[in-house]
Amino acid sequence: MTRPADAQHGVLVLSCQDAPGIVHAVSGLLVQERCTILESHQFDSAASGMFYMRVEFAHVDGAPLDFAHLCQAFEETAQRFDMSWRLADAAERQRVLIMVSQYAHCLNDLLFRNSIGELNLDVVAIVSNHPDLKGIADFYGVPFHHIPVTRETKPEAEAALLDIVREERVELVVLARYMQILSDGLCRQLEGRAINIHHSMLPSFKGARPYHQAHARGVKFIGATAHYVTADLDEGPIIEQEMLRVDHSLSPEQLAARGREAETRALSHAVRWHTENRVVIRGNRTVVFE
């Protein structure tokens, strides 16, 4: 039989202690379920002894996949190797909430890429502590929620955010240059499902006007880091980094422009890989199957 080009794809992602027979067991089960492997990546970490795998597959004749049955069928293999695993429909769009402040570039880039099919997101809400970017949300038809934040109102603001997360069944929160520090409690509630973008340069400049600080120090590289949100500020597991070479001829404004380029690229890559089930988190590190 010839599998149709538009056949439904499934994705299996797993991690466990390395042991003989893991690949054989996974592939054997897929054969037993009359599935064919379309894409397979694996990584055996010599340092930790962990094994990681991502397999994309389809039914040999293009028939729809029965995910409930496949999960049940895989359970014995998962228990035998003590796996952490997830099984998903590759075409399923994750429900995403984007948080912004006043910088528009990352928000606009994500929404544009999604509109042309480069990303496969269901953007259900945009939350901002400023009203400035409502026009972009309106243009793309995404509900915009203005939730002002002060030191005194921060607990109420975060509670309002979590209400939206629950009501909209949000699966991923993206901080697209959201210029507020999240509380430890909120970070814990969003653990593993919140991605932040941070300007990272050598050396790293914190606080206001980082590109002006970089210009004053005569940096030769600027870049950006996309990482998962944790209570340790800007120290969560890294998903993607972009680095661009610069020189003394660039003004602070030109450095900022190059920085925006790095930020949008790093964040869009991280969001795509996360929503395509290409990222496995282990401790403070990630394995990314690009």
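This is a predicted model: local features need pLDDT of at least 70, side-chain atom pairs count only at pLDDT 80 or more; totals for chains, interfaces and linings use all residues.
Local features need pLDDT of at least 70 and side-chain atom pairs count only at pLDDT 80 or more, while totals for chains, interfaces and linings use all residues. Residues are numbered from 1 along each chain as its sequence is written, and side-chain values use heavy atoms, without hydrogens and water.

**View 1. Strand β1 and its partners β3 and β4.** Strands (E, at least two residues) and helices (H or I, at least four) are DSSP runs numbered from the N terminus. Because 7 of the 8 residues of β1 (residues 10-17) are buried, this strand is largely enclosed by the rest of the structure; buried means under 20% relative accessible area with a 1.4 Å probe, protein chains only. Strands pair if DSSP finds at least two bridges between them. β1 runs antiparallel to β3 (residues 50-59), with 8 bridges, and L12 stands opposite V55. β1 is also antiparallel to β4 (residues 84-89), through 6 bridges; L14 has W85 as its bridge partner there.

**View 2. Lining of the largest pocket.** Of its 35 lining residues, R177, M179, H198, H199 and G207 are the closest to the centre. Strand β9 (194-199) supplies the largest share of the lining, 4 residues. Elements that each give at least two residues include α6 (184-189), α7 (210-217) and α8 (252-275).

**View 3. Lining of the second largest pocket.** This pocket is lined by 19 residues, with R86, A88, Q94, H274 and N277 nearest its centre. β4, α8 and β12 (279-282) each give two or more residues to this lining. A pocket is an open set of points on a 1 Å grid over the protein atoms alone, where a 1.4 Å probe fits, with protein on both sides within 12 Å along at least five of seven lines; lining residues have an atom within 4 Å of a point.

How values were computed
Buried means under 20% relative accessible area, exposed over 50%, partly exposed in between (1.4 Å probe, protein chains only).
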